[in-house]
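Good morning, colleagues. Please look at the sequence and the structure first.

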Amino acid sequence: MRAVSDADLFDFEGNLQAAFVAYLTAQGFTIATSNDPERLSQDFIAVQISILGLQDEHMVQRPYGGNMEYDHYSYLCAITIHSDRTEDTTPSAEFARYHQQQVAKLRQALSILSAYDKGGLNKHVNFYTINRLMPAATEYEADGMGYDSTTLNYNGDFAINQSSFPINN
């Protein structure tokens, strides 16, 4: 797919977030988006992408003899699983297992087997190819009887597809 403009192509965070949201939605998860916080359910999953910079100094030439452009970038993907506790008593074992099961299902969806070998994640990515998605740190937070929240962090890198550069820029 060719980008309409450079701004469209270089919207790394927006394009990658949209790809992760589309992929995880296809896997059956309910994903919150930052532009509709009032509509968040009690249980939700949020995706945040941060670009860390160049992966290396690899460059590719734009179409039709255009300038050279860096095309290989590193990113961090933080996925938060938030489960509200609706019980007025101490959380039960079933509730604790529910949150753990959601975390496990998400890890499985982003495993090499599911996200790569079956080709799922890159099918949802426009303009780029995700080369690596590696599990990094996991952070857990609980608020007494209010909620459980786990953030799964993934490090990765992606390359801009040469065929995605806009022609008329």
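**Aromatic residues and the sheet**

Let me begin with Phe127, which is buried, with a relative accessible area of 5%; buried means under 20% relative accessible area, exposed over 50%, and partly exposed in between, with a 1.4 Å probe and protein chains only. The model is predicted, so local features need pLDDT of at least 70 and side-chain atom pairs count only at pLDDT 80 or more, while totals for chains, interfaces and linings use all residues. Residues are numbered from 1 along each chain as its sequence is written, and side-chain values use heavy atoms, with hydrogens and water left out.

Phe127 lies in the loop between α4 (112-117) and β6. Helices (H or I, at least four residues) and strands (E, at least two) are DSSP runs, numbered from the N terminus. The phi of Phe127 is near 80°, a positive value in a residue other than glycine.

A search of the whole structure finds nine aromatic pairs. Rings of Phe, Tyr and Trp (its six-membered ring) pair if their centres lie within 6.5 Å; planes under 30 degrees apart count as stacked, over 60 as edge-to-face and the rest as tilted. One of the pairs is Phe12 with Tyr128, edge-to-face at 5.7 Å centre to centre, with 70° between the planes. This pair links distant parts of the chain, 116 residues apart: Phe12 is in helix α2 (residues 12-26) and Tyr128 in strand β6 (residues 128-142). Tyr128 counts as buried because its relative accessibility is 2%, and Phe12 does so at 7%.

Phe12 also pairs with Phe158: the ring centres are 5.1 Å apart and the planes at 70°, so this pair is edge-to-face. Phe158, like Phe12, is buried.

I turn now to the sheet. Five strands form an open sheet in the order β1-β2-β5-β7-β6, with mixed pairing; two strands pair if DSSP finds at least two bridges between them. β1 (31-32) and β6 stand at the edges, each with a single partner strand, so one side of each is left without a neighbour in the sheet. Strands β2 (residues 43-54) and β5 (residues 72-84) pair in the antiparallel sense over eleven bridges. Ile51 has Tyr75 in β5 as its bridge partner.
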